[in-house]
Amino acid sequence: MKPNSGTLVINIMNGGKAEAYEGVYQCTARNERGAAVSNNIVIRPSRSPLWTKEKLEPNHVREGDSLVLHCRPPVGLPPPIIFWMDNAFQRLPQSERVSQGLNGDLYFSNVQPEDTREDYICYARFNHTQTIQQKQPISVKVFSTKPVTERQPVLLTPTGSTSTKVELRGNVLLLECIAAGLPTPVIRWIKEGGELPANRTFFENFKKTLKIIDVSEADSGNYKCIARNTLGSVHHVISVTVKAAPYWITAPRNLVLSPGEDGTLICRANGNPKPSISWLANGVPIAIAQEDPSRKVDGDTIIFSHVQERSSAVYQCNASNEYGYLLANAFVNVLAEPPRILTPANKLYQVIADSPALLDCAYFGSPKPEIEWFKGVKGSILRGNEYVFHDNGTLEIPVAQKNSAGTYTCVARNELGKIQNEVQLEIKDPTMIIKQPEYKVIQRYGQASFECIIKHDSTLLPTVTWLKDNDELPDDERFLVGKDNLTIMNVTDKDDGTYTCIVNTTLDSVSASAVLTVVAAPPTPAIIYARPNPPFDLELTGQLERSIELSWIPGDENNSPITNFVIEYEDALHEPGVWHYQTEVPGTQTTVQLKLSPYVNYSFRVIAVNKIGRSQPSEPSEQYLTKSASPDENPANVQGIGSEPDNLVITWEPLKGFQSNGPGLQYKVSWRQKDVDDEWTSVIVANVSKYIVSGTPTFVPYEIKVQALNDLGYAPEPSEVIGHSGEDLPMVAPGNVQVHVINSTLAKVQWDPVPLKTVRGNLQGYKVYYWKVQSLSRRSRRHVEKKILTFRGNKTFGMLPGLEPYSSYKLNVRVVNGKGEGPASPDKVFKTPEGVPSSPSFLKITNPTLDSLTLEWGSPTHPNGVLTSYTLKFQPINNTHELGPLVEIRIPANESSLILKNLNYSTRYKFYFNAQTSVGSGSQITEEAVTIMDEAMASRQVDIATQGWFIGLMCAVALLILILLIVCFIRRNKGGKYPVKEKEDAHADPEIQPMKEDDGTFGEYSDAEDHKPLKKGSRTPSDRTVKKEDSDDSLVDYGEGVNGQFNEDGSFIGQYSGKKEKEPAEGNESSEAPSPVNAMNSFV
């Protein structure tokens, strides 16, 4: 055993046999507080025995018949991986007709002449010992008979019509059916009385193998495989029973108690069959352990009452059945400690205004201390919704303001003492860009300038960074970065793009972007600019194995100097017709030394570039073939990522043709389990980009390397990368889920992280599923709509926004890895407190009289709590739109109507109505209504249409018009002219104008949205009297928002239909208030 460690080292490198150490080991750690024990550790030496020698007779088979080649590998530890290959170490092709079974045998549904060969070889690979054993080759000879007889399906495995299978919960269930027949049968799988589980069912080996991952008790049942061809079908039923080794429901957790306190240890597990629970204390069965009067065992629970310091011990819970066991240690520590604060004193916190501030107060003590926070030297204890108090002692200010700065004191106290600690909070002004860069359009060779003027907290030091297209600025002296601007001199087309100014401080970061567009400058008519002509006379000199010299003669510049030459090459051996970039040189250079790679047939061409553009490529140079060599480099981007829980997929980017440096390019793929294997397992594969390692443990790290080689040798030793075998779904749900309701619409959920071993993959985060169960005010359930919030990383808490007040919710938490979601935690129920209600659903005002109005209303659509009362406010509105005094009435919550009495007649009133809960008042609804006018006043209005003199006058006017029409008709027939129209225009009289078509009908009433003038003949004089010439047959419009109608006694009333608006402040404010009706005239 290593010194100062509990690690036991068994070293057989210097002699000894592994078999001598075979057995079951258990570790016990002990001190004065108790003893903890480990799980059983089983050590078994790996075995890779040789095949027993046997004499294999050739297999003579008639064409179309079935055949089974038995492998029967030696029994090894762990079991070997079986595969079939030929003498050339090439895997034998498999198909629906020919496939390998789960037992390693090779099955032929029907043999064909091409199956004749003498090298069917079964290989057994023992991964742990890194050895491969080979069976003697098997010979198969197929003889033909004409015609070939077709046969209906017959099952080769399993035999009979039924069989049974037992699998453990959480394992992979593999069911197999292989059938013979001609034509080759097709396999189909069903589950009797149910469906195959979605997302966990896979078909392998050409659907001959049914694979269900992560099986549970619900997967028990009868599975039927059906083999069918054109001649018929056959089926087999496999009865599957899923058993379960014990698994935790609630594992015991450590307890820290103070003397005299009570506590419990709970150990709950499930399995099939149900596991038995046994307890140990300090590694000894609790029945024979040292007695403790404060301890009582009740099945899966130990109850502690009035513990003392001598009650400290380590308890072990053992849950076991015939398929396995669970063992967990829980330390019961009886401790009496005064509070201690672990956060450093006078720690300084700096945050940006309007952002959250978290002030730590890490503490320890037994009993668990109570935490209180104070602000300032003599401040009172902090309370209220503006603060959030976390269980770990942290004080959270969700929105820190300038006045939040200062000294905060954390006080921790229990019955053994008290301690306090001060921290400082500083609030900084946010960093802002007060003048952002703007969009620019600049002519080529001009100058562009972007401004970025910032404002920041005087105590923070900002750094300004400029980016082009989200990358660093080009390394070019034309780019000048000033204190608050960026200037680009002699802009070119390459300067087109988006420029971003980023301002960073130690606390925040802001950015702003603008686009620069470069356009061509107006051409000078006297000079014509163009792309250069292509270079010519390419010549190769100084040929060496890895280099060559290329020279050329430039073409015409066409009035724009050549800035550079681009050299490209073609590899006629590997990629004929494809040109690749090699290098580029300044425009003053016409010779370049080029680096070459082995085993490439080079041709070169040159392209000239000026400010206008690129020339056409030159004619290709002569070809030059370099000699072969071993590879210079290894594949890039080597990765190891499992696609299944039991494999490791190693991928890489293959070398390109010219990178191979010679013929026969291959790859040596090597791997070993990190910190477990000392030796590498290697395999050489063809020029591919992937290799799959099977039979790996789930999600464990592997060291991987891929080395290139060709016919001339190996590339340099490759670097190692770390990969992981495949992920599997997480095993356990997060525990200790707690919900802290912050206010009526916001809650905080927190949980204990799951052990990383149980994640079985890359931890991506946690998902919180939550849904509303019912509203506490209505007690009515509705369709459950689950909401999901995802919290990335190893977070252990999150906020649930947008909750409905006064409601009951449920939630659960699940851990997520790259494979998917783990099981859900038990549903947690929580309730939100009351909030303020919404506005009443409606407010109607009916039955107006001289001095009363009836109000009816509906309760709020969202009460958000228990309604306590309603509040009604109202005030009169006079003819000049002025508001009168405001009256307020409190109404019980169970009322739905009210009659307001002792109102003024013919008066408009404005009403404001809202509901209250114990939290406060909700939003209000407003309406307006009018009491009817005094009947005595209405009776004083005179209807002139009923007067005798008015009727006589109308008859006289009609007679006069008739006489004038007759005279005009006679004079026109005589040819004379009579200026009737001119005289009528000069002496117009409204009493002799033709009556309109609608003057004999009732006028339309205006509504609240239609401010139309009164119709002709309906006007009322300002002195409220009715003139004779103002009579007509229409009703007077009754102002804005009033619909005219008659009461039973024949009088006219107004029924108001109001609209919602905000409540104005009390006092004289302008409001839309039409005048009351002054008169109503009609014909009788």
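The model is a predicted one, with 1084 residues in the chain. Its secondary structure comprises four helices and 80 strands.

**The chain overall**

- Of the 1084 residues, 40% are buried.
- The accessible surface comes to about 59,700 Å², and carbon and sulfur atoms account for 51% of that area.
- If you take the contacts between residues at least 6 apart in sequence, 65% of them join residues at least 24 apart.

**Asp292, a buried acidic residue**

- Look for Asp292 in the loop that runs between β26 (284–285) and β27 (295–298).
- Which side chain of opposite charge is nearest to Asp292? That is Arg295, at 4.8 Å.
- Asp292 is buried but has no salt bridge, because a salt bridge needs a side-chain nitrogen of Lys or Arg within 4 Å of a carboxyl oxygen of Asp or Glu.
- The Asp292 side chain does have polar contacts: one joins it to the side chain of Ser294 at 2.8 Å, and another to the side chain of Ser311 at 3.3 Å.
- Once neighbours within four places in sequence are set aside, Asp292 is in contact with Ser311 and Tyr315.

**Gln589, in a loop between two strands**

- Gln589 sits in the loop linking β53 (575–586) to β54 (591–595).
- A polar atom of the Gln589 side chain lies 2.6 Å from the backbone oxygen of Thr591.
- Beyond its neighbours within four places in sequence, Gln589 is in contact with Trp552 and Phe565.
- Trp552 is 37 residues away from Gln589 in sequence, and their C-alpha atoms are 9.5 Å apart in space.

- Ile970 belongs to helix α3 (residues 948–973).
- With a relative accessible area of 41%, Ile970 is partly exposed; patch members need over 30%, so Ile970 clears that cut-off.
- Ile970 forms a nonpolar patch on the surface together with Leu959, Leu962, Ile963, Ile966, Val967 and Phe969.
- Together, the residues of this patch have about 660 Å² of accessible area.

Key:
Residues numbered from 1 in each chain as written. Predicted model: local features only at pLDDT ≥ 70, side-chain atom pairs only at ≥ 80, totals over all residues. Heavy atoms only, no water. Buried < 20%, exposed > 50% of the residue type's maximum accessible area, 1.4 Å probe, protein only. Lys, Arg positive; Asp, Glu negative; His and termini not counted. Polar contact = N/O pair within 3.5 Å; in protein donor to acceptor, adjacent residues only side chain to side chain. Contact = heavy atoms within 4.5 Å. Patch = residues over 30% accessible without salt bridge, like charges linked within 9 Å, V, L, I, M, F, W, Y side chains within 5 Å. Areas by Shrake-Rupley, 256 points an atom, 1.4 Å probe, with all protein chains shown as cover.
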